[in-house]
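Hi everyone, and thanks for making time today.

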Amino acid sequence: EKNSDVHLRGKLLHGRTKDLPNLIWLPDLIEPAENFEKFFARENNKVLDVRNVHLLNYRNFGSSDHHESFDMNDVVDDIIRYMDANHITMATIGGHGFGAKVATVAASNNLNRFTGVMCLDGGPVDQRFHPAYQQLKHYIDMLAKVHVDDQTLQGLHKKIDRVVDNPTLNKIFKQNVNTAKGAPQWDFNFEGLHKNMQKVQPDVATWKESYGLWPGRTWALFAAHSPWVHLSTNTLP
């Protein structure tokens, strides 16, 4: 399959007035972008006053196509093709966790297409040794031992409960189980993600100098006790 055959899908939240600029928003690893709909649509969130919001799933996750490549440049090229297909000349781009990293690379590699970058608990950092990534990798390693095709939905949920003790990720893993074809299947490219995480420099965690530098407008937010950055000592692991 060619990279150009990968199509991205998600959900468009129309702004509260007509002809607004666009914001492309990307989720963290394994989380469907549609989960952010309630966040952007709630009454005290003013983003829809000034932007149309595209909740976009990048390749191998959510409702978007799967592909053997997790290469960041391929992931970014998908987003540019999505913009071209939807007649989006320029946009603000942002994301949560790994999605913030993808957003930063997309903007850095395409300075003429983006007006700003938004990073929520993520960005241009190497996340291999951060607790949040290590925790997810552990869950993927453990669940890779489960033969999903041999499980019932209830049985797979029990396996997830035994492995995934983080309540938020537990819910997201279960959300990613699809029974449309009878036996349970993962909605995201589980095998590809597991394989990528075994690399010394996994595409889903590292930051490479070749990704470039974003010199434009930036908004970044980390929680006071973020698992991505140790703010108490202002250091990275």
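Let me begin with a term: a pocket here is an open set of grid points with protein on both sides within 12 Å along at least five of seven lines, and its volume is the space filled by probe spheres set on the points. Please keep in mind that this is a predicted model.

With that, how much space lies in the largest pocket? About 560 Å³. Its lining is made of 20 residues, and Glu31, His96, Thr168, Leu169 and Ile172 are the ones nearest the centre. Helix 7, residues 167-175, and helix 5, residues 131-143, each give at least two residues to that lining. Helix 7 has the largest share, with 5 residues.

Rolling a probe the size of a water molecule over the atoms shows where empty space is left. The structure has 1 cavity of 30 Å³ or more, and the volume of the largest cavity is about 40 Å³. Around the largest cavity you will find Tyr58, Arg59, Asn60, Phe61, Phe70, Val75, Phe98 and Val204.

In soluble globular proteins, nonpolar side chains tend to be buried together. Here, the largest nonpolar core counts 54 residues, and Ile30, Ile93, Phe173 and Trp186 have the most contacts inside it. Another core, of 9 residues, lies apart from that one; Leu13, Ala33, Phe36 and Val53 are among its members.

Let's stay with Ile30 for a moment. You can find Ile30 in the loop between strand 2 and helix 1. Is Ile30 buried or exposed? Its relative accessibility is 1%, so Ile30 counts as buried. Leaving out residues up to four places away in sequence, Ile30 touches Phe61, Leu136, Leu169, Ile172, Phe173, Asn176, Phe188 and Leu193.

The backbone there is worth a look too. Most residues other than glycine have a negative phi. Ile30, though, has a positive phi near 70 degrees. Asp121, in the loop between strand 5 and helix 5, also has a positive phi, of about 50 degrees. Asp121 is buried, because its relative accessible area of 12% falls under the 20% cut-off.

Next, helix 3, which runs over residues 72-85. Why does the distance between its ends fit a helix of 14 residues? At 1.5 Å a residue it should span 20 Å, and its end C-alpha atoms are 20 Å apart, so the two agree. Just past the helix, His87 has a positive phi of about 55 degrees. The buried residues of helix 3 include Met72, Val75, Ile79 and Tyr82. Among the elements covering the buried residues are strand 3, strand 4 and helix 4.

That brings me to my last stop, His54 in strand 3. With a relative accessible area of 5%, His54 is buried. Its side chain makes a polar contact of 2.9 Å with the side chain of Tyr82. Beyond its neighbours within four places in sequence, His54 is in contact with several residues, including Lys11, Leu12, Trp25 and Ile88.

Terms used: Residues are numbered from 1 along each chain as its sequence is written. This is a predicted model: local features need pLDDT of at least 70, side-chain atom pairs count only at pLDDT 80 or more; totals for chains, interfaces and linings use all residues. Side-chain values use heavy atoms; hydrogens and water are left out. Helices (H or I, at least four residues) and strands (E, at least two) are DSSP runs, numbered from the N terminus. The expected span of a helix is 1.5 Å times one less than its number of residues. Buried means under 20% relative accessible area, exposed over 50%, partly exposed in between (1.4 Å probe, protein chains only). Contact means heavy atoms within 4.5 Å. A nonpolar core is a set of buried Ala, Val, Leu, Ile, Met, Phe, Trp, Tyr and Cys residues joined through side-chain atoms within 4.5 Å. On a 1 Å grid over the protein atoms alone, a cavity is a set of points where a 1.4 Å probe fits but cannot get out, and a pocket is an open set with protein on both sides within 12 Å along at least five of seven lines; lining residues have an atom within 4 Å of a point. A polar contact is a pair of N or O atoms within 3.5 Å; within protein, one must be able to donate a hydrogen and the other to accept it, and residues adjacent in sequence count only if both atoms are side-chain atoms.
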